[in-house]
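Q: Please take a close look at a single part of this model. Then set that part beside the other local features, with the cut-offs behind each term.

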Amino acid sequence: MESIEKEFSGVRVLHGVDFHVLPGEVMALVGENGAGKSTLMKILAGVHTDWRGTILLDDRVVHFASTREAEEAGIAIIFQELNLVPELTVAENIYLGREPTRFGDVIDYPRMNRMAQEIMDNLHFNAPVTIPVSQLRVGRQQLVEIGKALSLNARILVMDEPTSALSEAETEVLFTVVRKLRENEVSVVYISHRLTELSEIADRVTVLRDGYTVGSNLVKDTSRSELIRMMVGRDFQQFFVKEGEPGEDIVLRVNKLTRTSADPPRMPVFEDISFEVRRGEQFGIAGLLGSGRTELLEALFGAAAADTTGSVELEGVELDLSSPRKAIGAGMALITEDRKGNGLIISMNVEQNLTLAALRDLVRFSILSKTKERALAEEYVERLSIDVSDLKNPIETLSGGNQQKVLLAKWLATRPKVLLLDEPTRGIDVGAKHELYIHLSKLAKQGVSIVMVSSELPELLSICDRIMVLRSGRVSALFDREEASQEKILNAAAPAA
Ligand SMILES: Nc1ncnc2c1ncn2[C@@H]1O[C@H](COP(=O)(O)OP(=O)(O)OP(=O)(O)O)[C@@H](O)[C@H]1O
Ligand SMILES: [Mg+2]
């Protein structure tokens with residue numbers, strides 16, 4: 001790709017970007033939120049058709065008019081945002097619009113399911129491909145996206161944040177798949193904000209900043225700090241260590257909480273979970289995907305009333321877990337892992353999304369204060385450096401990471417007693433992560449108790465006072481910050497042999 005330029009309604013976001021990928025190489029593409037990574041790859045994959053510059057595939061000039069055309073030329077993309085049809089099965093999603101047929105136009109379901117199952121088995125999906133996607137958690141849906149892209153047998157495969165919802169184990173499986181692709185001369189473009197992954201998987205790295213190419217390097221010759229300097233354009237304090245100690249009094253007391261699943265019926269999701277969180281404590285929850293982390297947060301937020309037994313006390317008063325509204329009223333807030341599903345309202349603009357959860361505070365005598373709404377939105381845009389030119393812009397026009405920041409800001413604006421966070425830094429860049437750590441620490445100092453699920457262990461280790469580890473729905477360990485280490489957590493999280 002040479003001298004690629006792209007504008008959105010008159011605003012230029014790519015300024016002559018150069019990007020080259022060799023056969024059988026894994027090329028990492030990195031840069032801050034809004035740098036232009038997804039846009040560049042959507043141009044390659046035929047999503048955006050209105051752009052200037054040159055794309056050469058081998059020696060042939062191409063300008064794809066649709067994703068279908070790009071697919072036919074051997075280019076597949078795993079989008080940053082999930083793109084599945086919830087009502088359809090895993091197999092139907094994988095082969096949507098390309099279903100194998102027999103007798104002319106009858107879909108050959110047995111064959112389709114067989115082919116899909118084989119692909120998903122390679123990804124260690126461990127479930128029949130005939131279940132609807134709506135029954136899957138975000139991480140599992142992401143595996144389906146990956147399966148769908150693999151089914152195209154592309155020669156260039158673009159992965160836009162493929163691991164953002166994956167556990168460590170699933171990430172390892174994905175890396176094995178990527179290495180196999182590389183052996184078969186497939187080129188992989190790998191976009192990620194998890195810089196530690198790059199040395200493990202990528203051969204070269206290209207850095208974008210504000211729509212310009214900063215440069216390309218061999219990964220093995222590039223240090224982490226060098227990479228960050230290329231991305232943010234200055235030296236950057238990378239490590240954050242939490243300061244301050246939590247208070248003595250218990251704010252949240254969870255007592256023998258057990259949740260069974262509705263489908264399949266009565267299977268335990270998690271069992272007999274008890275823990276206490278002190279005022280101003282940052283309490284981390286680690287565990288593999290499927291260990292019950294997300295389900296636990298949902299239950300604490302009153303989003304699983306029908307299946308949950310046990311009790312939760314907030315400041316000594318039993319919490320009514322029958323609905324999220326009650327939980328919010330009592331002082332709980334939840335930032336979910338799935339920003340499209342429960343987090344953001346796609347039809348609303350940035351400002352409306354930002355202020356949605358805090359509306360209670362803004363409504364005085366039933367008059368919504370427009371000025372207050374705007375002031376609140378502006379404050380958080382500033383604090384998290386959300387890249388948006390106008391608060392009235394639709395939320396979809398923001399880059400993936402900036403959407404995540406809006407979601408964070410929306411709940412931070414509610415000033416809860418207990419803030420529950422599920423993978424809050426997924427998809428946001430190093431700078432914004434750092435800002436978030438500082439902000440959480442500030443909230444903790446003001447007495448907010450924070451319960452945070454994260455797959456990024458370094459993150460938990462640097463900001464949490466204590467870390468609880470879940471394994472198959474049970475508490476397998478609880479560490480103080482001084483005794484916790486990456487190795488101990490991984491051991492406690494790994495399935496018992
Ligand atoms: N459909 C759109 N309409 C208007 N502006 C857009 C649209 N899509 C992207 N942009 C803008 O283009 C710029 C680059 O966005 P892009 O999504 O490519 O960033 P990114 O590097 O992928 O960031 P992230 O790491 O957050 O995913 C941003 O300023 C974004 O707001
Ligand atoms: Mg993106």
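A: With a relative accessibility of 10%, P246 counts as buried; buried means under 20% relative accessible area, exposed over 50% and partly exposed in between, using a 1.4 Å probe and protein chains only. The model is predicted, so local features need pLDDT of at least 70 and side-chain atom pairs count only at pLDDT 80 or more, while totals for chains, interfaces and linings use all residues. Residues are numbered from 1 along each chain as its sequence is written, chains are lettered from A and ligands numbered from 1 in the order in which they are written, and side-chain values use heavy atoms, with hydrogens and water left out.

P246 lies in the loop between α8 (224–232) and β13 (250–261). Helices (H or I, at least four residues) and strands (E, at least two) are DSSP runs, numbered from the N terminus. Apart from neighbours within four places in sequence, P246 is in contact with R278, R279, G280, E281 and D465, where contact means heavy atoms within 4.5 Å.

S462 gives another buried position, at 17% relative accessibility. This serine is part of helix α17 (residues 457–463). Not counting residues up to four places away in sequence, S462 touches F240, V241, K242 and R481.

The magnesium ion (ligand 2) has S38 (OG) and Q80 (OE1) as its coordinating atoms, at 2.0 to 2.2 Å. Donors are N, O and S atoms within 2.8 Å of the metal (3.2 Å for Na, K and Ca); water is not among the atoms, so sites may look incomplete. S38 belongs to helix α1 (residues 37–44), while Q80 sits in the loop between β6 (75–78) and α3 (90–94); the pair is 42 residues apart and links distant parts of the chain. Both S38 and Q80 are buried. Helix α1 itself is largely enclosed by the rest of the structure, because seven of its eight residues are buried. The buried residues of α1 are K37, S38, T39, L40, M41, I43 and L44. After α1 comes G46, which has a positive phi near 80°.

H48 is in the loop between α1 and β4 and is buried, at a relative accessible area of 15%. Leaving out residues up to four places away in sequence, H48 touches K6, F8, T39, K42 and I43.

Strand β4 is part of an open sheet of four strands with antiparallel pairing, in the order β2-β1-β4-β5. Its edge strands are β2 and β5 (60–62), each of which pairs on one side only. Neighbouring strands in this sheet are turned by 35° against each other on average, direction ignored; axes are lines fitted to C-alpha atoms, for helices over the stretch in contact, and angles run from 0 to 180 degrees between N-to-C directions. Two strands pair if DSSP finds at least two bridges between them. Strands β1 (residues 2–8) and β2 (residues 11–17) run antiparallel and are joined by five bridges, with I4 and V17 as bridge partners. They form a hairpin with two residues between them, and S9 in the turn has a positive phi of about 35°. Between β1 and β4 (residues 52–57), also antiparallel, there are two bridges, and E2 stands opposite T54. Three bridges pair β4 with β5 in the antiparallel sense; here L57 has R60 as its bridge partner.

Another open sheet has six strands in the order β6-β9-β10-β3-β11-β12, with mixed pairing. Strands β6 and β12 (212–218) stand at the edges with a single partner strand each, so one side of each has no neighbour in the sheet. From one strand to the next the twist averages 15°. Within this sheet, β3 (residues 26–30) and β11 (residues 204–209) pair in the parallel sense over four bridges, and V30 stands opposite V207.
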